[in-house]
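Hello,

Here is the structure I promised to pass on. Please open it first, then read the notes below.

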Amino acid sequence: MLLLRRAVPLSAFWRLNDQAQLRENARLIMRPDDANVAGNVHGGTVLKMIEEAGAIISTRHCNSQNGERCVAALARVERTDFLSPMCIGEVAHVSAEITYTSKHSVEVQVNVMSENILTGTKKLTNKATLWYVPLSLKNVDKVLEVPPVVYSRQEQEEEGRKRYEAQKLERMETKWRNGDIVQPVLNPEPNTVSYSQSSLIHLVGPSDCTLHGFVHGGVTMKLMDEVAGIVAARHCKTNIVTASVDAINFHDKIRKGCVITISGRMTFTSNKSMEIEVLVDADPVVNNFVKRYRAASAFFTFVSLSPEGKSLPVPQLVPETEDEKKRFEEGKGRYLQMKAKRQGQAETQA
């Protein structure tokens, strides 16, 4: 069931009791083409569902007042943890809610639950926060203003503003990687970065795009997850699943007709997890005036599983070059930081 809830815009108090205006309902059962050979639903499939829910609710909200019509485009996805695997035959329930708006952006928080329809058992699989910007239908390069929302408490607005400023700063900090390119290496040794690195080249067609000619964020995220999964599988040669995604930043739109290259490389391994950096480059082959550019980037974390679904040790990565060693240490820092955060949360809940 796809359940979308939104905060109420200043001009729409009269809609408070009209629940049909506030919700969108659907059911989505997980099928074999949504999953890997072990029956676990691809992380990219889940990410695509999350993005679709966010795009619906944010586009609806941004068009809730009279004015220029627009479509909401994904700008960033905050860290997303895959709390529990989803399997073939289960039903995905997605709920989305607008939790903050700035002048030109919308924050949407999304929860995903899976339901075993034979037993009725439900479990939380994902929680995600996404940021959208409204683009004019007349000119998709023009960002419009977002209708404000009413907060039940002043603290909600203040907390939302802090999250907005933090993500804005982090998005700027990722742009230094825009010149980084994954280069192929002949006859690489096992367990090295070059051995497992992978690339996928995809021609952007109409089915990948919005009605206005640029790629759905969910389509890009699904392709990124597929490439990261190939890297992880090549490295450990076992069944692998997505464990988490560090922030996904969308640096620029990808238009219909572009050729995109999604490249993935291992950056860090712990005893039981692998961090993979994924870079998306767009090449407008039909436009000689626009050069190839970095469209999106993210870090994915995967774990290795036995046939019984139990966590397996991961072969340790062997960084060779100075750049690889530097990326390994940066990945280790992110891993330790997140580990400390999880331990702190566990102690607070105890």
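The second largest pocket of this predicted model is lined by 38 residues. Nearest its centre lie Ala73, Leu74, Ala75, Val133 and Arg171. The volume of this second largest pocket is about 830 Å³. α2, β3 (70-77), β7 (122-136), α3 (154-173), α5 and β10 (248-250) each give it at least two residues. Which element supplies the largest share of that lining? β3 does, with 6 residues.

Next, the annotated sites. An unreviewed UniProt entry carries the annotation "active site" for Asn36 and Asp225.

Take Asn36 to begin with. Look for Asn36 in the loop between β2 (28-29) and α2 (43-62). Is Asn36 buried or exposed? Its relative accessibility is 17%, and the cut-off for buried is under 20%. Asn36 therefore counts as buried. Leaving aside residues up to four places away in sequence, Asn36 touches His42, Asn239, Ile240 and Val241. There is a polar detail too. A polar atom of the Asn36 side chain lies 3.0 Å from the backbone nitrogen of Ala38.

Now Asp225. This residue sits in helix α5, which covers residues 217-236. With a relative accessibility of 3%, Asp225 counts as buried. Which residues does Asp225 touch, not counting those up to four places away in sequence? They are His42, Gly43, Gly44, Thr242, Phe300 and Phe302. Note His42: it is in the contact list of Asn36 and in that of Asp225. Note α5 as well: this helix holds Asp225 and supplies at least two residues of the lining of the second largest pocket.

On to the domain record. The unreviewed UniProt entry gives "domain: HotDog ACOT-type" for residues 20-138 and 194-308. I looked at the stretch 194-308. The chain there is 20% helix and 43% strand. Its end C-alpha atoms are 30 Å apart.

Strand β11 is worth a look. Which strands pair with β11? One is β8 (residues 198-203), joined to β11 by 6 bridges. The other listed here is β12 (residues 274-283), joined to β11 by 10 bridges. β8 and β11 run antiparallel, and so do β11 and β12. Ser198 stands opposite Gly264 in β11. Thr261 stands opposite Asp281 in β12. β11 and β12 also form a hairpin, with 4 residues between them.

One more residue to check is Thr101. Thr101 is found in strand β5 (residues 91-101). Its relative accessible area is 9%, so Thr101 is buried. Not counting residues up to four places away in sequence, Thr101 touches His61, Val106, Val146, Pro147, Pro148, Val149 and Tyr151.

For a quick tour, go to Asn36 and Asp225, the two residues annotated as "active site". Then turn to β3, with its 6 residues in the lining of the second largest pocket. Finish at the hairpin of β11 and β12.

Best wishes

Conventions: Residues are numbered from 1 along each chain as its sequence is written. This is a predicted model: local features need pLDDT of at least 70, side-chain atom pairs count only at pLDDT 80 or more; totals for chains, interfaces and linings use all residues. Side-chain values use heavy atoms; hydrogens and water are left out. UniProt positions are given in the numbering used here, feature names are shortened, and annotations may be inferred rather than shown by experiment. Buried means under 20% relative accessible area, exposed over 50%, partly exposed in between (1.4 Å probe, protein chains only). Contact means heavy atoms within 4.5 Å. A polar contact is a pair of N or O atoms within 3.5 Å; within protein, one must be able to donate a hydrogen and the other to accept it, and residues adjacent in sequence count only if both atoms are side-chain atoms. Two strands pair if DSSP finds at least two bridges between them. On a 1 Å grid over the protein atoms alone, a cavity is a set of points where a 1.4 Å probe fits but cannot get out, and a pocket is an open set with protein on both sides within 12 Å along at least five of seven lines; lining residues have an atom within 4 Å of a point. Grid points are joined across faces, edges and corners, and a volume is the space filled by probe spheres set on the points.
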